[in-house]
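I opened my notebook to look up a helix, a pocket and a strand. Here is the model I had on screen.

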Amino acid sequence: MIDELANRVWKHERLHLDAGALRSRLLRERYIGGPSPLSDEDTLVRLLRSAAILSASSSKEHRDLAYQIATSASELEGELNGVPYVLMLVLARMGNFPALAFAKRRFHLAEERLPVRFVAETSTRSEGNTVRLGEHELALTDFQYKLWQELNSGESVGISAPTSAGKSYILQAYARKLLAEEKAKNVGVLVPTRALINQVSDDISSWLPQFGDTLELVTTPVPKGTDLPPRGVYVVTQERMQLLQTAHPDLVIDLMLVDEAQSIADGPRGVLLSSVIEEALNRRPKMQLLFAGPNIRDPGNIAALFDQSPRSVSTHEAAVAQNILFVDCDPINSKKAKLALYAEGKKIPLGEIECEQTLTDHRSKLINLALRLGGGGQNLIYALGPAECEGIAFGLADNDDPAGSDDLKELSDFVKDAVHPKYQLAANVLQRVGFHYGRLPSLVRKAIEDAFAEGHLDYLVTTSTLLYGVNLPAQNLFLHNPEKGKNQPISSNDFWNLAGRAGRLGKEFSGNIFLVDYGEWPSDPMSGQKEIAVKPSIQNHIVDLAPDLIAYINDPARVPDRQVADELENTFVKLVRDHFDGKLQATLDKVGLDPTSVLRTQLEQAVSASVANTKITRDTLVNSPTVSIHRQQSLYDRLTKSLKKNGPGYIIPKHPLDSSAYSSYIGALKRLHDEVMKYPSGDQSHRYIAQLALKWMKGEPLPQIIDGSFAYKRKQGQNPNIATTIRETLNEVERDLRFKYVRLFSCYNAVLDLVLRDNKLDGLVSSIPSIPMYLEVGACSPTMVSFMGLGLSRYTAGKLRQLPRKTDMSQAEARAWIKRQELDALNLPDASVREIRRMVLAN
């Protein structure tokens with residue numbers, strides 16, 4: 001009945017014209033200035049009546065328009081004509097309780113002022129969506145309530161929803177419920193980036209203390225020989241989960257949440273993600289598996305790869321609306337631009353704006369338009385990389401205003417101490433400008449995110465970290481020719497994912513996406529599909545790229561890419577493992593490779609031939625799943641030869657704290673470069689990497705490492721500048737040490753283990769240091785690693801490491817030690833004290 005009425009209302013062309021005019025008026029007053037014609041009362045009443053009807057419809061389009069009408073009218077009219085009470089009714093009918101709570105606060109609304117029947121309607125609507133979690137009752141949105149019901153079925157579920165839909169909140173609430181009811185012993189949360197480890201673990205730390213000492217948060221690899229906690233929540237990347245599974249064959253996960261599930265299609269890392277999920281299911285076949293991400297078509301289908309029944313819960317409705325605004329720079333008057341609203345497929349002109357400075361190129365357009373249109377709000381500016389991030393931030397901060405508040409001075413001092421005294425970010429924040437990219441140290445990223453969330457920063461320039469779930473909503477988002485990688489325009493799915501960052505839930509009803517010179521972009525992401533069908537990389541490699549995969553397997557002499565892992569390498573290794581396990585046929589069936597295909601026969605033959613004359617075993621591949629078996633065999637031959645010639649001490653790397661560690665790493669890295677990476681024989685990069693890796697693993701502070709890199713480059717006859725050296729060193733740490741060389745040393749240790757056993761030297765295997773883990777976390781002291789295992793940053797763990805008498809504390813001992821201390825007496829930076837209280841001492 002209501003849908004039929006809503007359809008009749010929707011078909012009136014006047015409704016759409018008047019609704020567009022209402023939004024245009026709001027934005028014109030905000031950005032163009034000057035008086036604008038008021039809506040006549042009859043038109044306003046008609047729009048509000050339509051919104052009340054449309055809000056009860058089952059159609060997303062109807063509900064979206066109802067939201068836009070009611071929120072725009074409320075912001076324009078304030079408390080006149082009782083408009084906010086219509087907004088209250090609309091939001092209640094939509095089940096948008098977060099926005100309803102904000103509306104009540106903003107307009108000081110009291111439900112008793114509504115007609116009795118409307119009060120009854122809103123109360124009934126809220127009660128119908130209320131669930132109990134422990135001692136608390138929660139009123140959920142329609143999507144959240146549906147998701148809660150599906151989760152409690154115990155089946156694997158795929159979830160697709162915008163960032164502001166609150167899916168993460170419900171997933172964590174469900175994990176808490178299972179843990180509290182002791183239906184789950186261990187929960188795994190797989191995230192694609194270290195930045196998300198910090199964000200998710202921060203959220204979990206807020207409720208973890210309710211379990212006392214019976215539940216531990218684990219965010220780092222735990223070395224072999226160190227006990228895992230009796231119960232744990234593991235928030236890790238797929239690389240860290242692989243290290244955990246390798247070191248702890250008894251680790252069993254009962255509930256696994258895969259955040260940003262679209263990353264399962266992310267090339268080699270997507271294959272590794274599939275592998276660690278499969279391993280977890282091998283250990284616990286009844287594990288509940290949850291995939292969550294934005295704008296995924298039929299997200300439950302991802303589970304089919306793991307023999308799970310596909311169940312999906314999806315929504316396109318965000319709790320905050322987005323206004324898309326075109327900003328077209330004037331080709332004649334370089335200080336002017338035209339502003340237009342995009343509404344229901346049409347471009348509605350709003351007027352002309354003028355900037356103080358010219359809009360001549362990419363950088364100047366983003367800087368000056370953000371300053372002109374972003375005043376009075378918080379703004380995100382999308383940059384194409386770290387260097388551009390810093391350049392745009394410098395331009396935004398380039399003014400004569402006095403230095404910032406005490407909070408910003410404290411933030412500036414912290415950045416100097418955590419990164420480098422000459423790091424540009426330290427100066428930028430004093431002008432309420434920050435930048436944010438994935439290579440920043442975790443606590444610096446967190447400090448910038450907190451400063452932005454608390455309103456201390458007005459502008460934040462960021463890279464594609466925005467695409468991977470980092471929760472940094474703002475009132476305004478500025479885009480100009482955005483790319484995901486070099487010369488790779490963002491896809492439609494990525495565009496709409498980015499757009500979802502505009503609008504702060506609980507702070508405003510809508511956000512604004514400013515598209516600068518959209519007509520000149522090399523692509524048209526708005527015209528594409530918002531949703532993508534996620535196809536796991538392993539399926540894509542085996543089915544769609546079968547000829548390339550066969551050629552890759554049949555080429556033992558292939559020289560790998562120096563900068564990134566080969567696209568097909570992880571899939572090759574997984575197929576060899578499946579061959580050893582007798583599961584190759586099952587894997588090929590699962591991904592859908594035609595059993596009668598000639599390519600399937602050729603692929604099976606290629607895999608079989610690759611292991612015909614190898615010494616590499618199945619266990620070696622389990623410990624080194626990302627390096628081709630051909631190159632592992634080459635390393636095996638090199639290590640065997642060196643062992644026979646020089647003895648085991650020559651090939652077993654030293655512990656980072658050993659006095660001869662540097663020369664030991666030079667040798668190990670040279671072998672890896674020669675046999676695995678196939679670098680030219682004259683390449684000397686192993687010497688630079690050896691000193692960098694050693695300082696990193698020993699836990700040296702980042703400013704000291706950066707100064708060391710600067711001095712090394714000058715000694716080599718280069719002419720470095722400090723800004724570039726800082727950026728390059730951050731890149732070398734994050735991209736090289738913590739990814740590339742974790743992978744390479746995992747291979748080295750796995751092959752070395754095999755070489756020692758094959759030569760009857762089993763007793764020496766335990767002397768191989770956990771270099772992959774030391775590289776991943778940037779520490780080798782057991783006490784420092786334990787502090788980091790509590791969720792603390794390397795920076796804070798490094799400060800704490802210097803204080804206790806014991807240098808070999810377990811994670812439980814480290815937690816107990818912190819709880820005994822008077823933090824304010826430890827002379828720690830304020831950022832570290834806040835982090836400890838948030839991650840370890842939260843109540």
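My entries follow, one topic at a time.

**Helix H10.** I kept in mind that this is a predicted model. I began with the length of H10, residues 194–205. At 1.5 Å a residue, its 12 residues should span 16 Å, and I found the end C-alpha atoms 16 Å apart, which agrees. Next I asked myself: how many residues of H10 are buried? I got 10 of the 12, so the helix is largely enclosed by the rest of the structure. Among them are Arg194, Asp202 and Ile204.

**Second largest pocket.** I then turned to the second largest pocket, which holds about 1300 Å³ of space. I noted 42 lining residues, with Thr163, Gln199, Asp203, Asn471 and Leu505 the closest to the centre. H10 turned up again here, as one of the elements that give two or more residues to the lining, along with strand S2, helix H9 and helix H17. H9 gives the largest share, six residues. By class, I logged 16 nonpolar, 14 polar and 12 charged residues in the lining.

**Strand S7.** Last, I checked S7, residues 255–259. Five of its five residues are buried, so this strand too is largely enclosed by the rest of the structure. On one side I found Leu255, Leu257 and Asp259, and on the other Met256 and Val258. Which strands does S7 pair with? I found S4, parallel over four bridges, and S8, also parallel, joined by five bridges. Glycine 188 has methionine 256 as its bridge partner, while leucine 255 stands opposite glutamine 288.

Notes: Residues are numbered from 1 along each chain as its sequence is written. This is a predicted model: local features need pLDDT of at least 70, side-chain atom pairs count only at pLDDT 80 or more; totals for chains, interfaces and linings use all residues. Side-chain values use heavy atoms; hydrogens and water are left out. The expected span of a helix is 1.5 Å times one less than its number of residues. Buried means under 20% relative accessible area, exposed over 50%, partly exposed in between (1.4 Å probe, protein chains only). On a 1 Å grid over the protein atoms alone, a cavity is a set of points where a 1.4 Å probe fits but cannot get out, and a pocket is an open set with protein on both sides within 12 Å along at least five of seven lines; lining residues have an atom within 4 Å of a point. Grid points are joined across faces, edges and corners, and a volume is the space filled by probe spheres set on the points. Ala, Val, Leu, Ile, Met, Phe, Trp, Tyr, Cys and Pro count as nonpolar, Asp, Glu, Lys and Arg as charged, and the others, Gly among them, as polar. Two strands pair if DSSP finds at least two bridges between them.
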